[in-house]
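Try each task yourself before you read its solution.

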Amino acid sequence: METLDTRGLSALRAIAEAGSVAAAATTLGWSQPTVNHHLRNLERTLGSTLIEKSSRGSQPTVVGNLVVSRAIEILGLCDRLGAEVALWREDQAVLVRIGAVPTVGARVIPKLHNQLQKRVRWQSQEETSAAMTTAALDVTMDEHAKLVARLESGDLDLALLVSTDIDKTWIPSTLTAKHLYSEQLFLCVPKSVGPISFDAHGMPDLTALVSQTWAFSIDPGDAIDEVVRSFCVAAGFEPRVGMRMDDYAAIIRMIAAGLAVAVIPDSSVPEGPTVEIIPMPMDACRRDVLLVSRARAAQSSQKISRHDPIVAAHNAAIAEVVADVGTVTAQWR
């Protein structure tokens, strides 16, 4: 088979996203004949019809949809390659892609960035004449499930994730998790709710909140939500979820207005006396912050690094970020 021309992949992706050759041409800044030319070349190379036209526009065929998904991956890698080479050329820096759930990222990433700036630039032991290099962060804040998927696909090198049980099956076998620190959880309720009693183990009496509306996360598998639901069920009722959001500052405002109750991690608990803040016992529930990475990367790095100094530099940069994550999170252990 002939070598694929990425211009054909770009044309196909644009047609699939825009719905017509004319719209794709506008998106790409090409002429329509140019879009058709590169599409035909791609179809000839692959030996398949990739686009079918109808009165509703141009849509990928069954095979075309497969090629579109691969085109997105290939073109994304091309964009990443260009960005990494530019970064290396301008700053002698190696890009480390790290994801984080927003509440943890907002707490850890700024400190991590500052810690990286303090490091002495390192040099590959195999390439003693190479330029001194350092790690640079490419940060993604997203929902837990999406970050796990991006880790598995190789789109992320590391991720700061959370769990209420490190042994839960949400960690696929392709990933490895390292515990960084644990956060205490707090039950936050409107001051109008009144005093809440505690049992002998320090657990607040949740039956006082049967009629309250709970604020849960947008992520249906959120770790804290699962803990709240299990405690409520144990208390004899199913929590009534009235709103879903991941902005804890907004949740606090809702609680202060008497519109919701919620369980919030220590890093997001408000300092002001706008709501009633009730600690949950650490031995009953907590939020574990984990540094998650691809398990196979470490196994293959030694074989690759002997032959590929660029990969060795990338692995070294990841190791530096891992070390610095450990340093900046030590204060919360």
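The exercises below use a predicted model, and each comes with a worked solution.

**Exercise 1. How many salt bridges does a search of the whole structure find, and which residue does D5 bridge to?**

Step 1: Start with the total. Searching the whole structure turns up 11 salt bridges.

Step 2: Now pick out D5. Its partner is R7, and their closest N and O atoms are 2.7 Å apart. A salt bridge needs that kind of atom pair within 4 Å, so 2.7 Å passes the test.

Step 3: Check the surroundings. D5 has 32% relative accessibility, so it counts as partly exposed. R7 is partly exposed too, with a relative accessible area of 44%.

**Exercise 2. Where do E73 and R70 sit, and are they buried or partly exposed?**

Step 1: Look for the contact. E73 and R70 form a salt bridge, with 3.2 Å between the closest N and O atoms.

Step 2: Read the accessibility. E73 has a relative accessible area of 45% and is partly exposed; R70 also counts as partly exposed, at 45%.

**Exercise 3. Which parts of the chain does the pair R97 and D157 tie together?**

Step 1: Find the bridge. The side chains of R97 and D157 meet at 2.6 Å, N to O.

Step 2: Locate both ends. R97 is in strand β3 (residues 93–100), while D157 is in the loop between α6 (144–153) and β5 (158–163), so the bridge joins parts 60 residues apart in sequence.

Step 3: Decide on burial. Buried means under 20% relative accessible area. R97 comes in at 5% and is buried, and D157 is buried at 3%.

**Exercise 4. Which residues are linked in a network of salt bridges?**

Solution: There are four names to write down here: R107, E183, D266 and R287 are linked in such a network.

**Exercise 5. What are the distance and angle of the aromatic pair, and which parts of the chain does the pair link?**

Step 1: Count the pairs. The structure holds one aromatic pair.

Step 2: Describe the geometry. Y181 and W332 lie 5.2 Å apart, centre to centre, with 45° between the planes, and the pair is tilted.

Step 3: Trace the chain. Y181 is in strand β6 (residues 175–183) and W332 in the segment after α10 (309–329), so the pair links distant parts, 151 residues apart.

Step 4: Finish with burial. Both Y181 and W332 are buried.

Technical notes: Residues are numbered from 1 along each chain as its sequence is written. This is a predicted model: local features need pLDDT of at least 70, side-chain atom pairs count only at pLDDT 80 or more; totals for chains, interfaces and linings use all residues. Side-chain values use heavy atoms; hydrogens and water are left out. Buried means under 20% relative accessible area, exposed over 50%, partly exposed in between (1.4 Å probe, protein chains only). Helices (H or I, at least four residues) and strands (E, at least two) are DSSP runs, numbered from the N terminus. Rings of Phe, Tyr and Trp (its six-membered ring) pair if their centres lie within 6.5 Å; planes under 30 degrees apart count as stacked, over 60 as edge-to-face and the rest as tilted.
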